[in-house]
Every structure is written in structure tokens, then in C-alpha cells.
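Student: I would like to go through this structure with some questions. Can we start with one of the sheets and then turn to how the chains meet?

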Amino acid sequence: MALKIPPKKTPMKEQPPEERRKNFFEVALGYTPEEAIAEAQRCLTCPTKPCVKGCPVHIDIPTFIKHIKQGDFQGAIDTIKLYNNLPAACGRVCPQENQCESQCVVGRIPGSEPVAIGRLERFVADWEAEQGEVKLPEIKEKKGKKVAVVGAGPSGLTAAADLAKLGYDVTVFEAFHKPGGVLVYGIPEFRLPKKIVEREVEYIKKLGVKIVTNAVVGKTIPVDELLNEYDAVFIGVGAGAPKFIGVPGTNLNGVYSASEFLTRVNLMKAYLFPEYDTPVTVGKKVAVIGAGNTAMDAARTALRAGAEKVMIVYRRTEKEMPARLEEYHHAVEEGVEFHWLRQPIEYVGDENGNVIGVKCAVMKLGKPDDSGRRRPVPTGEEDFLEADMVIEAVGQQAQRILLDEFPQLERNKWGYIEADLETGATSVKGVFAGGDIVTGAATVIEAMGAGKKAAKAIDRYLSGEWNPWND
Amino acid sequence: MAHKIVRKRKLAHLVHEFVIEAPLIAEHAKPGHFIVVRIHEKGERIPLTIADTYKDDGTFKMIVRAVGKSTYELCMMKEEDELLDVVGPLGKPSEIENYGRVLLIGGGVGIATLHPIAKALYEAGNEIYSILGGRSKEYVIMEEDFKKYGEVLVTTDDGSYGMKGLVTDGMEHLVKEKSLNFDVAWAVGPTVMMKFAAFKGKELGIPKMWVSLNPIMVDGTGMCGACRVTVGGEIKFACVDGPEFDGYQVEWDEIIRRMNQYKEREKIALERFLEKVGDVSWL
């Protein structure tokens with residue numbers, strides 16, 4: 001059989017860089033039905049389904065794509081939703097190149113790109129929303145058991161939705177005034193419109209999940225109360241707390257954590273100040289420290305909020321950069337500058353305590369470190385980058401409020417919750433955990449995978465099939 | 001869930017007392033805790049303090065001074081109106097124990113924050129002296145409440161009530177003229193007042209002084225780091241490590257500088273709001 005597969009993914013329309021760098025509208029515009037069908041036809045429907053192994057929530061990818069080929073978009077989204085409760089978000093923000101698409105057989109053909117699985121997932125999720133009525137899956141008979149979920153981010157919402165479908169009474173407690181976690185405070189509007197997050201949260205509510213906002217577990221609701229009132233608890237509070245490098249000048253005016261900058265802009269809509277009350281002051285020259293996805297988000301957000309020049313400052317090189325290639329390319333197209341092999345050693349301020357620049361050590365790459373990436377070592381030279389705003393995006397650490405109030409819960413050496421990665425079971429009976437609060441900062445889909453596994457384990461525990469606490 | 005304003009009254013020009021329906025906060029708040037309020041969908045998250053809690057009614061009291069757009073808007077709300085979001089109690093509670101003789105220094109609406117602390121310290125068996133300071137008579141709030149727990153010395157900037165002068169003059173008076181030794185002190189009020197109270201406390205040999213910091217915050221739950229302050233040479237987040245810190249260790253000039261970061265924006269927002277709402281001299 002002669003196969004004629006177009007070597008390249010069907011392109012997805014995007015806002016042109018010179019236009020989009022000035023607005024907060026979504027960059028990628030999605031497929032038309034014709035484009036989706038054309039792309040679906042690139043799929044070989046491999047019987048071994050290697051792509052599924054690359055997906056943390058094991059979506060039956062060849063089957064959903066087969067439905068698209070046949071023009072049965074409802075069948076496609078129904079298939080996805082058996083596995084994934086947040087498809088419109090995942091289709092947009094999953095690093096498919098490291099997951100499903102990295103396993104795609106088409107992608108192994110020399111000169112050929114893998115099937116655009118993420119784009120197809122996004123297409124059918126958006127298609128269903130456009131139809132108006134979102135179909136609800138089968139919800140099992142009520143079991144009469146209560147589960148509390150702490151945190152309405154990707155892992156918590158996933159665990160909650162799966163447990164609701166299994167017939168449990170699920171209440172999600174969210175500290176913020178809006179559910180969604182990193183999907184609402186972290187990922188910018190131009191990459192994941194907040195309307196889409198709202199839509200996915202609405203779907204989860206329709207499954208019967210109760211979401212209580214402004215509820216800080218450990219403070220508004222004491223941990224003991226939760227343990228007494230619920231048959232099981234899932235903790236998915238995220239990594240949450242910003243890390244600072246801690247160089248001199250960290251507390252100068254104009255130095256931000258990426259979390260603060262992005263929360264102001266995304267959750268509080270500071271880009272619409274003064275229509276919205278929360279302000280943000282964006283500098284003319286902005287230095288973003290770090291080169292992960294959060295750094296790209298912060299840099300591109302700063303551009304849109306009016307910065308004239310945005311620089312990414314990173315101690316290694318393009319090759320070791322943790323950001324998704326797609327995000328990096330978007331940032332380059334939009335005019336973000338990259339300063340490689342620069343490690344900030346001091347933020348310099350003026351006499352009023354406002355930041356005016358970043359003093360950097362010039363680095364070179366040495367031998368590989370524990371992460372397998374070549375370690376940056378100082379050359380002895382220094383460099384100075386002028387900047388009136390600095391945004392540190394160098395990672396996060398364990399969210400503190402809940403953990404401070406829950407000392408019985410064992411932690412690992414990094415301060416995250418010690419939990420079984422297959423089940424989410426923690427050291428405390430009936431308490432499960434997953435997502436960034438267990439693994440440290442990772443991806444949305446990995447957190448969702450953890451929520452899914454925990455939901456299964458909670459079901460087995462509550463139905464008496466399994467009890468890792470052996471009592 | 002929206003939170004109803006059950007009662008509201010004006011205490012002084014631009015200073016208003018609210019009783020808010022929030023059963024979980026009423027039940028769990030301890031002295032020293034704070035809350036975050038958002039008035040409406042376009043509102044910012046405003047950190048405020050708790051003046052008292054009423055467990056049986058499921059309500060708490062807060063006293064707010066209108067200084068910026070959001071607090072003006074809040075103070076213009078009426079009884080039966082609802083606040084969109086109230087979250088808390090947040091922060092670490094005050095360290096209440098029987099210290100012996102305690103000095104409490106309150107300025108402006110900071111007096112309200114100090115009130116639950118005074119009550120708890122009194123119940124823990126401490127002998128309490130309070131200095132309540134205000135610009136003029138009208139701004140000295142809750143005097144009767146504090147009198148229940150011990151002796152009260154009032155200071156006013158203009159001398160319209162009590163002793164003419166600042167709270168630091170009151171401190172000097174109690175320590176030097178009345179020859180009182182204090183085992184610990186709390187100072188809560190405008191940041192500049194707390195700074196000078198801490199300097200004075202150190203000078204007068206008061207062994208320790210707690211202050212309640214109110215830097216700019218966004219989430220109030222340790223997620224953003226906007227509220228970072230330097231205490232004893234280390235960076236702390238006021239929302240989760242505080243808001244109370246050892247006043248002798250706080251880098252005061254830094255926090256005062258950081259609090260001014262949004263001054264221009266705050267001014268724009270307030271001017272624009274006042275233009276829209278017209279005359280607010282009644283507030």
C-alpha cells in the first residue's frame with residue numbers, strides 16, 4: 001500500500017506577530033472543520049497506539065482522530081472526554097511534542113512531522129462548545145460518600161470530575177475567588193482565553209461537583225474539620241510559592257516574581273486598569289530572568305502590556321532552555337530578545353530604590369549536571385543590562401499555608417508532600433495528593449494525570465477494595 | 001458566596017465601621033489575622049484587618065479608612081449591600097501568652113487591628129496599658145473598648161483630646177514619667193508610626209515590640225511575593241510569615257518605599273472615581 005502522507009502538519013492560522021504583540025487576544029486561531037479533517041487523515045490509526053502511551057491521561061487518540069476523519073466531531077469529543085475533563089485547555093497548553101506527538105509513527109518518517117494531535121483535540125473541544133449544548137457523560141448512581149478536593153487547579157478539577165462521574169459527592173475548596181488554578185492566574189489570555197477555562201469549569205460543575213471559592217483550607221476551613229467531615233481528601237494545591245534567586249536588590253521597586261506579575265495581569269486583569277482596579281506598572285525595558293514557559297509567558301505579557309524592550313536573561317543557552325519550542329518561537333517572532341549565558345548577580349537601583357538594571361555574571365557551559373544539561377560556570381566577566389523592571393521566573397516551591405497547618409502530613413526532602421505516584425496516597429489515612437504539590441512545578445497535563453490516578457485510587461479505597469494504610 | 005454588610009456606621013470623616021456576615025471567618029479568626037476583600041467583579045483584592053468577631057451571629061467587625069479608590073468605594077457601600085468576596089482569616093495569629101505588663105500602641109484604624117489582640121492578652125492575664133493616637137479627637141476610635149482591659153492614654157496631633165503629641169510622646173510619658181517597665185509591646189498603625197514607635201521602644205528599653213505590617217498584597221496566601229519585607233536580614237512574606245513581625249528587626253525604609261510603588265496609579269484611579277461619583281464630603 002502506497003501511503004501519501006503530507007510531511008508537514010496542516011498549519012493553524014495565527015495572528016501575525018506584529019499585530020498580536022500589541023493585544024491580549026489568542027495567538028493561535030484554531031482549525032476549520034476542513035483543516036481538521038485534512039490533518040486527521042495524516043493519522044495511520046496504528047493498532048499499537050504508541051501515542052496513547054505518551055499521554056499522561058491515556059486518551060484513546062487514534063479513535064478520536066478516526067471520528068474526525070469521518071466528520072463525526074461529536075464522536076471525537078465524546079471519546080476524549082472519557083479520559084480528559086479539560087480538553088480545550090489541554091489542546092492549547094499541553095507540551096504535545098514531548099508527549100503524544102513524540103510517539104507518533106508519522107513523526108518518525110524522515111522529514112515528516114507528527115500528527116497535530118493537540119490541535120485536533122482543541123478543534124473538537126471548541127467545536128462542541130460552539131454547538132451550544134455540551135453533552136454530559138454517564139454519571140454513576142450516588143454512592144453516599146463525600147470527597148473533599150483542596151485546590152481547583154488542573155489536578156483538583158480532574159480528580160473532582162472523575163470522582164463525581166463515579167457517583168461521589170465532591171466539594172472543591174479553592175483559595176482564590178475563581179476556580180482554575182494556574183489556568184486562570186498563570187497562563188495568559190493570549191495562550192488560553194479565560195472564557196475557555198470558565199467553560200471547562202462549568203462542565204465540571206454540571207457533573208455535580210460543588211466548588212467553594214475563597215476557602216483557604218487550613219485557615220477558613222481547619223484541616224481537622226475536613227478530615228472529620230469527608231470520607232477522603234485529595235490535595236492539589238500546587239507549587240504556588242514563588243522562588244527568588246535572592247541576589248542583592250531583590251526587594252527594589254520594580255522587581256517582581258512572575259507569579260505576581262502574571263496574577264496581576266491574568267487573574268486581576270491589570271491590563272485593563274483603570275477599568276479594573278488592580279494596577280500593574282510595566283517598565284520600558286523589562287528583564288525576565290529564566291527561560292521556562294513561565295518566563296516566555298511573562299515576557300510576552302510584558303510586551304502586550306506596553307514594554308518597549310523585553311529581554312530573557314538565562315544562565316544557560318537555547319539548547320538547555322526548558323520552555324516549549326513553540327513558545328520560544330512565538331516569543332522570538334514577537335521581538336523578545338534573548339541574552340544567553342547571563343546569571344544575575346545583582347539588581348541595581350537608583351537613589352529612590354527603583355531598579356535600573358541587572359548586573360550579570362557571564363557564564364560558559366561546563367560539564368553536565370544532575371539534570372543532564374551542561375552546567376553553567378562563571379567566566380569571571382560581568383555584563384550590565386539596563387532594565388526598569390525585572391521579573392524573576394526561576395521556579396516555585398511548596399505552597400505553605402496548607403502544609404503549615406497540616407504537620408502530620410509527611411513531606412519529602414524538597415518540602416513537597418510525600419505521596420505514592422501511582423495512587424496519590426499520603427502518610428495520612430484517607431488523604432491523597434497529586435500535581436505540583438507532590439512533584440514540584442510540572443505541566444498542566446501531568447497534574448491532571450495525577451488527579452486521575454488519585455481519583456481511581458480514592459474509588460478503590462472508598463469501596464473497600466484497597467487500603468494502603470492497613471488498619 | 002456574597003457577604004452582607006449587616007451594620008455600618010461612620011466613626012469619623014472617611015472612617016467607617018462595618019459588621020460583615022462571614023460565619024467561617026467569625027468562627028476561625030484569631031487575634032492578628034487579616035482578611036482580603038473584593039467588592040465586585042472588577043475590584044482588586046484589598047487586605048483589611050479584623051476589629052472583632054461575633055461567633056454567635058456569624059459576623060465580624062472591620063474598620064476601614066477611605067484612602068484609595070477601592071476603600072472609598074467600600075466606605076460608600078450601605079447596610080444590606082454585599083461584598084463579592086471575603087477570604088480569610090489569613091496570616092499567622094498573634095503570640096498571645098501571659099507576658100506580665102504589656103504596652104499596646106495603636107494609631108488611626110490600626111487601633112481596630114489591635115483590639116482583638118488587647119482582648120486576648122487581657123484574657124491571658126496581662127496587665128495592659130494602651131496608647132491610642134489620632135490626628136484629632138474624632139480619629140481616636142474604640143477608646144471605651146480598650147478601657148475594659150486597662151489604662152488608656154490618648155494622644156492627638158492637634159491636642160484636641162488627651163495628650164498633645166504623637167504616640168511616641170505617650171510612650172515616653174509612661175516609661176519615663178510614670179516609671180513603668182513593660183515586658184512586651186505591640187504597635188499597630190500607619191507604617192511611619194510603627195517605625196518611630198519601634199525606634200522609641202528600643203530607646204526606652206522595651207525588650208520586644210510586635211508590629212503588624214500592611215505592605216501591598218495581591219493574593220494574601222503566599223503565592224505572589226508582592227508583600228515581601230526584610231526582617232532580620234531575611235526576606236519574609238507578610239501574608240504568610242506575618243503580618244506580625246519583630247519591629248526592631250524590620251527594614252522600615254524598604255517597606256515604606258515598596259508601599260509607594262503604585263502611588264501614581266492609585267492617584268489616577270482615585271481621581272477618576274471621584275470625578276464619577278461627585279461630592280463625597282459627607283463620607
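Student: How many bridges join E5(B) to strand E6 of chain B?
Tutor: This is a predicted model. In it, E5(B) and E6, residues 59–65 of chain B, run antiparallel. The number of bridges joining E5(B) to E6(B) is 3.

Student: Which strands stand at the edges of the open sheet of chain B, and why is one side of each left without a neighbour?
Tutor: The open sheet has 5 strands with antiparallel pairing, in the order E5-E6-E2-E1-E7. Each edge strand has a single partner strand, so one side has no neighbour in the sheet. The strands at the edges are E5 (52–54) and E7 (82–83) of chain B.

Student: Which strand of chain B pairs with E14(B) in the parallel sense?
Tutor: Strands of a sheet can pair either parallel or antiparallel, through backbone hydrogen bonds. E14(B) is joined to strand E17 (residues 244–246) of chain B by 3 bridges, and these two run antiparallel. The parallel pairing, over 3 bridges, is with strand E13 (residues 184–188).

Student: Which helix belongs to the right-handed β-α-β unit with E13(B) and E14(B)?
Tutor: In the pairing of these two strands, B:Ala185 stands opposite B:Met209 in E14(B). The unit is made of E13(B), a helix of residues 191–203 and E14(B). That helix is H6 of chain B.

Student: Are B:Trp210 and B:Ser212 of strand E14 buried or exposed?
Tutor: B:Ser212 has B:Glu244 in E17(B) as its bridge partner. B:Met209 and B:Val211 lie on one side of E14(B), with B:Trp210 and B:Ser212 on the other, and both faces are covered. B:Trp210 and B:Ser212 are therefore under the cut-off of 20% relative accessible area, that is, buried.

Student: What area do chain A and chain B bury between them?
Tutor: The contact takes 44 residues from chain A and 46 residues from chain B. A:Lys219, A:Asn251 and A:Asp277 supply 18% of the area that chain A buries against chain B, more than any other three residues. Carbon and sulfur atoms account for 52% of the total, which is about 3900 Å².

Student: How many salt bridges does the rule find across the interface of chain A and chain B?
Tutor: One salt bridge is formed by A:Arg400 with B:Asp241. The closest N and O atoms of that pair are 2.8 Å apart, and the cut-off is 4 Å. Across the interface, the number of salt bridges found is 4.

Key: Residues numbered from 1 in each chain as written. Chains lettered and ligands numbered in written order. Predicted model: local features only at pLDDT ≥ 70, side-chain atom pairs only at ≥ 80, totals over all residues. Heavy atoms only, no water. Buried < 20%, exposed > 50% of the residue type's maximum accessible area, 1.4 Å probe, protein only. Helix = DSSP H or I, 4+ residues; strand = E, 2+ residues; numbered from the N terminus. Pairing = 2+ DSSP bridges. Right-handed = clockwise from strand over helix to strand, strands pointing away. Contact = heavy atoms within 4.5 Å. Buried area = accessible area lost by both parts, 1.4 Å probe. Salt bridge = Lys/Arg side-chain N within 4 Å of Asp/Glu carboxyl O.
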